[in-house]
Amino acid sequence: MRREIRPALSLVLLFTLVLGVALPAAFTGLAQAVLPFQANGSLLERNGQIIGSALIGQSFAGPTWFTPRPSALTGTDAAGKTIATPYDAAESGGSSSGPTNAGMIARVRSRIAAYRKTYGPGPVPDDAVTTSGSGLDPDISLENALRQAPAIAAARKLPAATVTALVNRLAAHRLFGVIGTDHVNVLKLNLALSRIGAP
Amino acid sequence: MTTHGSLYIALVLVLVLGAAFPLGAYMARLFEGRLRLLAPVETGIYRICGIDPTRQMTWAAYAVALLILSALHFILLYAILRLQYYLPFNPQHIAGMAPMLAFNTAASFTTNTNWQAYAPESMISNGAQMFGLVVHMFISAAAGIAVAAALMRAFASGGLKTLGNLYVDIVRITLYLLLPVALIAAILLLVAGIPMTFDGFATIHTLAGGTQTIARGPIALQEAIKELGTNGGGFFNANSAHPFENPNALTNLFEIWLLLVIGFALPIAFGHLIGRRREGIALFTAMALILGLAMAGDYAAEAANNPILVHAGIMARPGNMVGKEIRFGIAQSTTFNTAATGTSTGAVDAVTDSDTPLGGLIPLFLMQLGEIAPGGVGSGLYGMVLFALLAVFVAGLMVGRTPEYLGKKVQSKEIKLAMLAVLIQTLFILAGTGFSLLTGSGLASLANAGPHGLTEMLYGWTSATENNGSAFAGLSANTPLLDYGLGLAMLFGRFAVLIPVLAIAGSLALKPKLPQSTGTFPTDGPLFTGLLIGVIVILGGLQFMPADTLGPLAEHYLMLSGKTF
């Protein structure tokens with residue numbers, strides 16, 4: 001048994017130094033030199049100021065913006081009470097509510113009512129009233145974006161066709177008909193919207 | 001279900017199964033020691049570590065070396081987690097982990113489980129992720145593959161007293177397989193947008209005028225070995241649902257490919273090593289059939305959506321989007337999650353806790369089968385060989401002959417050891433779940449009421465014992481009961497299987513290789529593959545039928561009748 005200690009211990013320490021320190025350090029150095037945009041989190045700038053990450057969703061509220069999906073993230077306030085902190089990217093996760101969870105179903109019902117009040121009657125796109133897996137979903141479905149477009153156009157006093165065209169221009173589509181989904185990145189959409197007219 | 005969703009599953013299977021054949025041939029050469037390209041590097045490592053590469057180990061020596069290596073690694077990781085506050089690469093000044101959580105996490109990463117009872121963003125430093133967790137992801141994966149290689153050698157020849165050298169196996173598997181593939185994968189994932197930075201969280205002013213803090217770190221490298229080594233430990237709490245771990249549909253497809261490919265290449269390597277390639281293909285086919293059916297079933301369950309929500313006013317299509325990400329949709333989420341539970345990866349790109357009851361049952365069942373479709377790297381192959389031994393035993397009973405597998409007589413010693421490995425897992429899963437639900441602490445950990453709560457606890461114990469690491473994430477697992485209980489389940493689930501496997505390998509290696517006769521039950525055709533799947537379902541699956549009926553199946557029928565909790 002004792003004859004194994006030296007090789008085992010040396011192997012553990014060598015792997016830790018090489019694979020755990022030298023390799024990530026060298027790889028990070030290379031990544032920062034060659035692909036700094038990706039390596040730092042795909043951060044987007046506007047007028048010289050960073051306004052978010054192209055990959056991470058952020059909160060938008062009110063009739064003049066495209067609204068992202070609900071986010072299940074929670075945090076604690078100064079008094080230690082649990083509060084909703086949607087799109088707080090210092091954390092991540094979904095609601096973990098099961099399909100027969102009464103609280104989850106009640107929340108979806110009230111979101112459906114609110115969505116219909118703002119964007120009109122009819123069946124509501126699934127993604128508009130359900131929380132995502134990360135709580136940071138940057139996208140909404142194309143269907144959802146097109147349903148929101150007329151109300152946003154009205155609030156911004158723009159022709160509805162202009163906003164709809166913007167959605168279609170920025171939409172991502174399923175690759176080769178198989179890989180991916182039809183969706184729009186909410187931050188990029190709202191960024192483009194802010195460029196064509198002040199709210 | 002839609003055509004493009006079904007095509008996606010077919011595409012994944014074609015890409016993985018197609019790559020498994022050349023990779024399997026390459027791995028057979030690796031296990032035989034015929035790859036010499038990096039010989040100078042190898043020699044250097046052996047010299048530094050005091051390893052004698054010519055030494056051959058008996059099964060017992062191999063097992064002792066593995067246990068000592070794992071124990072040292074466990075202790076080092078425990079120390080790193082407790083002391084992370086004082087160690088470098090901690091830009092967020094995260095405090096040291098509490099003892100019970102550090103025990104659970106060290107057990108989790110030593111056993112290739114990667115169960116995460118902690119929220120990474122706020123509870124683990126970049127440094128501890130790098131030189132704690134990532135190193136384990138390499139070593140525990142290499143150790144699993146090494147044991148599989150030792151078992152293969154036992155079948156390859158007769159009258160053999162030794163199984164190889166554990167240290168040499170681990171070094172070679174890392175140098176020739178895990179490290180090069182992980183590096184290429186990490187580069188591709190970086191190009192696709194996965195960050196690699198030592199800077200701390202970014203604080204930004206959002207477009208709508210608020211502020212947002214964005215967690216980031218050295219993720220790309222961890223992501224690559226996380227999938228390739230069927231580890232599953234995410235840099236973030238949301239795992240592969242987080243956009244920084246899995247930015248788009250192409251990375252999702254690539255991650256699925258990475259986590260499946262070695263598992264499917266191993267039976268092919270086995271066939272090459274014993275010189276009877278059809279034998280490897282028979283095991284490979286059983287794995288592929290089980291996984292393919294599971295992928296189709298899980299997709300159908302999630303595409304059917306939750307009737308309670310459809311009744312409330314959502315569109316029935318595309319399906320149950322609770323806990324799923326838009327860029328993946330239904331089929332690409334369910335395929336990822338079945339691949340990650342068919343292997344022992346346990347990564348998720350959607351919240352399994354929010355799946356429909358049948359959509360949650362399929363990943364659970366894949367784990368209960370014993371992680372063999374295709375299972376963890378190494379552990380999947382040796383788990384499958386255990387079932388193959390039991391299958392020839394059952395066939396032998398039917399015709400009254402001493403069973404043989406691959407020219408080796410299978411006798412009571414091997415069968416007893418194989419049954420021991422299977423039953424220890426059952427014991428931990430069922431007794432652990434039952435006991436936890438009798439305690440107030442266990443009940444307080446549940447996030448959902450009704451049968452879904454039972455499923456949460458059952459899923460947790462199954463995942464830990466089978467070394468998967470996937471979770472019904474609502475379960476609050478950072479409690480004394482679950483930190484220590486699941487920690488022990490992970491250790492027993494790994495080593496109480498691995499040691500009997502090595503003992504079987506040692507016993508089989510000694511036996512002479514019998515020539516095939518007309519009385520030999522052929523194990524390289526569809527008849528055997530069918531029998532094997534039957535034994536897996538009966539032995540691996542039926543033990544859990546009562547528990548699965550009370551959990552997900554009961555919830556399914558209650559959901560159809562509109563009952564909520």
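The expected span of a helix is 1.5 Å times one less than its number of residues. I begin with this rule because my first entry applies it. The model I examined is a predicted one.

**Entry 1: helix H19 of chain B**

I looked up helix H19(B), residues 526-541, and found 16 residues in it. From first C-alpha to last, H19(B) reaches 21 Å, which is close to the expected 22 Å.

I then asked which residues of H19(B) are buried. They are B:Phe528, B:Thr529, B:Leu532, B:Ile533, B:Val535, B:Ile536, B:Leu539 and B:Gly540. Because these residues cover an arc of only 165° around the axis, they lie on the same side of H19(B). I recalled the general rule here: an α-helix has 3.6 residues a turn, so residues three or four places apart point the same way.

The face turned away from the buried side carries B:Pro526, B:Gly534 and B:Ile538, which are exposed. I also noted what the buried residues of H19(B) pack against: helices H10 (277-303), H13 (357-368), H14 (379-399) and H15 (412-438) of chain B.

**Entry 2: the largest nonpolar core**

I found 241 residues in the largest nonpolar core. Those with the most contacts inside this core are B:Tyr62, B:Met287, B:Val501 and B:Ala505. Helix H6 of chain B, residues 126-156, gives the largest share of the core, 23 residues.

I followed one of these residues further. Leaving aside residues up to four places away in sequence, B:Met287 touches B:Phe264, B:Pro267, B:Ile372, B:Ala373, B:Pro374 and B:Met384.

**Entry 3: where chain A meets chain B**

I recorded 89 residues from chain A and 97 residues from chain B in the contact. On the chain A side, several elements supply at least two residues each, among them H1, strand E2 (49-53) and helix H3 (102-119). The largest share of that side, 20 residues, comes from H1(A). By class, the side of chain A that touches chain B has 43 nonpolar, 36 polar and 10 charged residues.

**Entry 4: helix H1 of chain A**

I located A:Arg2 in helix H1 of chain A, residues 2-34. Is A:Arg2 buried or exposed? A:Arg2 counts as exposed, because it has 6 C-beta neighbours inside 10 Å and the cut-off for exposed is 12 or fewer. A:Arg2 and A:Gln32 stand 30 residues apart in sequence and 44 Å apart in space, C-alpha to C-alpha.

**Entry 5: a hairpin in chain A**

I traced strand E1(A), residues 43-46, which runs antiparallel to E2(A) and is joined to it by 4 bridges. The bridge partner of A:Glu45 in E2(A) is A:Ile50. The hairpin has 2 residues between its strands, and A:Asn47 takes a positive phi near 50° there.

Conventions:
Residues numbered from 1 in each chain as written. Chains lettered and ligands numbered in written order. Predicted model: local features only at pLDDT ≥ 70, side-chain atom pairs only at ≥ 80, totals over all residues. Buried ≥ 20, exposed ≤ 12 C-beta atoms within 10 Å, placed from the backbone. Contact = placed C-beta atoms within 7 Å. Nonpolar A, V, L, I, M, F, W, Y, C, P; charged D, E, K, R; others polar. Core = buried A, V, L, I, M, F, W, Y, C linked by C-beta atoms within 7 Å. Arc of directions from axis to C-beta. Pairing = 2+ DSSP bridges.
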